[in-house]
Amino acid sequence: MPMRNRAGALLAVAATGLALGATLASPADAAPKTSPKFLSASELPPHPSSSWTAGKVTDGVPDGLLSCLQDTMPGYDSRYRTFRTDLDTGALQLTIVVGDTGKAKALATRLNKDIKTCPTHLEQADPEVEATHRDYGTLPVEEGARVHGLHIEASWGASDIHLLSVGRDGKTVTVVQWGQMGDFADAPVKAFRKTTTTAVNKLY
């Protein structure tokens, strides 16, 4: 075969191989790999007298994450962003990417369970603390999300209210946590549900 024709044949074979490879690749493999996106300060429940400030996205697990969730986190590829106001309100978003959707579903299930059993965990760790959980139900966003409320009261008078949610999009799980001084009457549940929906929709 003449050199020019042989080179043309090799290029044709290579092109066919590339096309076949593209055909055989799964959609997940072919899709561009992007990092999940985080909430911005303006997407958190509005504070009546102070604007939110967002920190930078950081690798790891935030110190402010409730202790009943800390034991679930080691070993996962996680990133977080914290938020604060000028007063007594703070928030955070934690995002974990795992190997496949099955593992992500199991992680979301465990996190929801850990939040539900958080009162027991907290009260066993400190007999001066009394904690109460409320389930605010699920949200129809991507693979689903669930919203929780947690009131923590200490014998010396401290009273804190937290709203937490766990949501999933494919193999990515995100946790949103909001907290301030107060009780269930002070919790902006409707606005937090909207924030959770935004957080899950915004991941990808």
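A salt bridge here is a side-chain nitrogen of Lys or Arg within 4 Å of a carboxyl oxygen of Asp or Glu. With that in hand, I looked up the network: K116, D135 and R146 are linked by salt bridges.

**Ground rules.** I am working on a predicted model, where local features need pLDDT of at least 70, side-chain atom pairs count only at pLDDT 80 or more, and totals for chains, interfaces and linings use all residues. Residues are numbered from 1 along each chain as its sequence is written, and side-chain values use heavy atoms, with hydrogens and water left out.

**Overall.** I listed 6 helices and 8 strands in the protein chain. Both are DSSP runs numbered from the N terminus (helices: H or I, at least four residues; strands: E, at least two). From the N terminus I read the order as α-α-β-β-α-β-β-α-α-β-β-β-β-α. I then checked burial: 40% of the 204 residues are buried. Buried means under 20% relative accessible area, exposed over 50%, and partly exposed in between (1.4 Å probe, protein chains only). The accessible surface comes to about 11,300 Å², and carbon and sulfur atoms hold 55% of it. These areas come from the Shrake-Rupley method with a 1.4 Å probe; for residues, only the protein chains shown count as cover. I also looked at contacts, meaning heavy atoms within 4.5 Å. Of those between residues at least 6 apart in sequence, 59% join residues at least 24 apart.

**R146.** R146 is partly exposed, at 23% relative accessibility. Its salt bridge with D135 has the closest N and O atoms 2.7 Å apart. R146 is in β6 and D135 in strand β5, so the pair ties together parts 11 residues apart in sequence. D135 is partly exposed too, with a relative accessible area of 36%. Not counting residues up to four places away, R146 touches N112, K116, D135, G137, T138, L164, S165 and V166.

**Other salt bridges.** How many salt bridges does a search of the whole structure find? I get 6. One of them joins the side chains of K202 and E43 at 2.9 Å, N to O. K202 lies in helix α6 (residues 189–202) and E43 in the loop between α2 (27–30) and β1 (53–54), so this pair ties together parts 159 residues apart in sequence. K202 is partly exposed at 25%, and E43 is partly exposed at 24%. I also noted D59 and R79, whose side chains meet at 3.5 Å, N to O. D59 is in strand β2 (residues 58–59) and R79 in strand β3, so parts 20 residues apart in sequence are tied together. D59 is exposed at 61%, whereas R79 is partly exposed at 26%.

**Loops.** Is T72 buried or exposed? T72 is buried, with a relative accessible area of 3%. T72 lies in the loop between α3 (67–70) and β3 (77–84). Beyond its neighbours within four places in sequence, T72 contacts L107, R110, L111 and D114. I then turned to E142, in the loop between β5 (129–139) and β6 (145–154). Its phi is near 45°, a positive value in a residue other than glycine. E142 is partly exposed at 42%.
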